[in-house]
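Biologist: I like to know what stands behind the words when I look at a model. Could we go through a few of them together, with the cut-offs spelled out?

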Amino acid sequence: MTTLTMKDEKRIEVIQRVFRGELTVIEAAMIVGISERQCYRIKARVKQHGAKGVVHGNRGRACQRKTPEKTVRRVVELARGKYQGFNDHHLTEKLKEKEKIDLSREKVRRILRSEGISTPRKRRASKHRSRRERREAEGMMLQVDGSPHDWLEGRGPRLCLIGAIDDASGKVPKAFFTQAESSWGYLRLFWAIFKHHGLPQSIYTDRHSVFWTDREPTLEEQLINKRPLTEVGRALDELGVTLILAGSPQAKSRIERLWGTFQDRLVSELRLAKAKTLKQAQAVLDRYLPEHNRKFSKPATAQPAWRKASSQHIEQALCFKQQRTVANDNTVTFDGVIFQIPKKSPHRSYANKRIDVHVLLDGAVEFFYKKEKLASFDSKTTHAFGLYRTNKKREGFRYGPISYQSTQDHQPHPDIFTLLLT
């Protein structure tokens, strides 16, 4: 039995008027909205088959390009099993790359929705905001942030992902997992980026206590009209990198969208790799980043604006700095450890001098007096220098993460420093 639509009924009525001589074929074609030749065809089919003549011959037939039912069942099985939690686009890519199932994103979406499988990402209603145009060149601005999240979905410890995104191209030059946002984490991030690419013109971030402090300025800072800086702020200032503090999360929308993408795609990749530790998660991230940059970055409109700087300059800026007074026996007490300043001349003493103490990202300690290096102590060999701990209470000046086990360089020795949570 053939069911006629309202469109079919209209055509039947018009063709019948042609048979009765009330309309010509040309007039009927104009009324129906088809060509004259097509109207002759329909007239002939109606004359031969009756009302069925206005029905298209393919109606009710299965499409020859229909996706095989076996393939549909396989897609649904993978979406509910191996690739559970993957968004539509990500799943489409995995089906093509890993499972050799070449379907369009829209086809995958239709299959999933027809089976009651919804997208894992929930979108909120959009708000009207003013758009800030991208910078013209790479290196003009880096947006940096940290994202505390259950990246391992309960299979391991809760981690924080610290990373940066270039404002012009959308590339992620570096990102790594750590236990929490800290000064050491951001300094290490900057060290990796600056050594490989160079110095950016500006850093755009939020008002985390790592970057911004509301403490009152010291007398010395008041005299030179200088606002209080954190260790990270001081390091960027020494390198001539402008620190820009955002007033809201929406202001640094590019890196916020990056976290949304990572919390979707990267979490799925970590689940697929069955990562359970920080080291395993970092290995997955290192494999994922080049692919992410290839898919989501865009070319900048101008030549790169990175500024070159020597490794020594970067290393001396990206560290922790404090001041101490040298004792009469030319020793310095720092973080509960007594350091002996080597004797350079029998006629020179640094007793009662105010010196600068630099703690590098790898845990090494260096002493400077008016830019002259007095001594350097490797974090792994401090006890070989005859150092010993005092019985005093530790001063609480702490640095890198002792529990951060990774293949990355520049990690403090666990006997010296512990995690700084700022």
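Modeller: On a 1 Å grid over the protein atoms alone, a cavity is a set of points where a 1.4 Å probe fits but cannot get out, and a lining residue has an atom within 4 Å of a point. Grid points are joined across faces, edges and corners, and a volume is the space filled by probe spheres set on the points. This is a predicted model, in which local features need pLDDT of at least 70 and side-chain atom pairs count only at pLDDT 80 or more, while totals for chains, interfaces and linings use all residues. Residues are numbered from 1 along each chain as its sequence is written, and side-chain values use heavy atoms, with hydrogens and water left out.

Biologist: How many cavities of 30 Å³ or more does that rule give?

Modeller: The count is 2. The second largest cavity holds about 40 Å³ of space, and the residues lining it are H90, E93, R265, E269, Y288, E291, H292, K295 and F296. Two or more lining residues come from each of α5, α10 and α11, with α11 giving the most, 5 residues.

Biologist: Why is D8 called buried?

Modeller: Buried means under 20% relative accessible area, exposed over 50% and partly exposed in between, using a 1.4 Å probe and protein chains only. D8, in helix α1, has a relative accessibility of 4%, so the residue counts as buried. Of the 422 residues in the protein, 44% are buried.

Biologist: What does D8 touch?

Modeller: Contact means heavy atoms within 4.5 Å. Leaving out residues up to four places away in sequence, D8 touches T3, V54, V55 and R59.

Biologist: And why is E153 called partly exposed?

Modeller: E153 has 35% relative accessibility, so the middle class applies. E153 sits in the loop between β1 (142-149) and β2 (159-166) and has a positive phi of about 50 degrees although it is not a glycine. N330, in the loop between β6 (320-325) and β7 (331-334), also has a positive phi, near 60 degrees, without being a glycine. At 17% relative accessibility, N330 counts as buried.

Biologist: How do you know that the span of helix α3 agrees with what it should be?

Modeller: The expected span is 1.5 Å times one less than the number of residues. For the 14 residues of α3 (36-49) that should be 20 Å, and the end C-alpha atoms are 20 Å apart, so the two agree. After α3 comes G50, with a positive phi near 80 degrees.

Biologist: Which residues of α3 are buried, and how do you know where they lie around the axis?

Modeller: They are C39, I42 and V46. Their arc is only 60 degrees around the axis, which puts them on the same side of α3; the arc is that of the directions from the helix axis to the C-beta atoms. An α-helix has 3.6 residues a turn, so residues three or four places apart point the same way. The face turned away from the buried side of α3 carries the exposed residues R37, K47 and Q48. Cover for the buried residues includes α1 (6-19) and α2 (25-32).

Biologist: What makes you call α5 mostly covered?

Modeller: In α5 (88-97), 7 of the 10 residues are buried. Their cover includes α4 (69-80), α6 (105-114), α10 (253-273) and α11 (278-296).

Biologist: Last one: how do you know that H358 and Q316 make a polar contact?

Modeller: A polar contact is a pair of N or O atoms within 3.5 Å; within protein, one must be able to donate a hydrogen and the other to accept it, and residues adjacent in sequence count only if both atoms are side-chain atoms. The side chains of H358 and Q316 are joined at 3.1 Å, so the pair falls within the cut-off. H358 lies in strand β9 (354-359) and is buried, with a relative accessible area of 7%.

Conventions: Helices (H or I, at least four residues) and strands (E, at least two) are DSSP runs, numbered from the N terminus. On a 1 Å grid over the protein atoms alone, a cavity is a set of points where a 1.4 Å probe fits but cannot get out, and a pocket is an open set with protein on both sides within 12 Å along at least five of seven lines; lining residues have an atom within 4 Å of a point.
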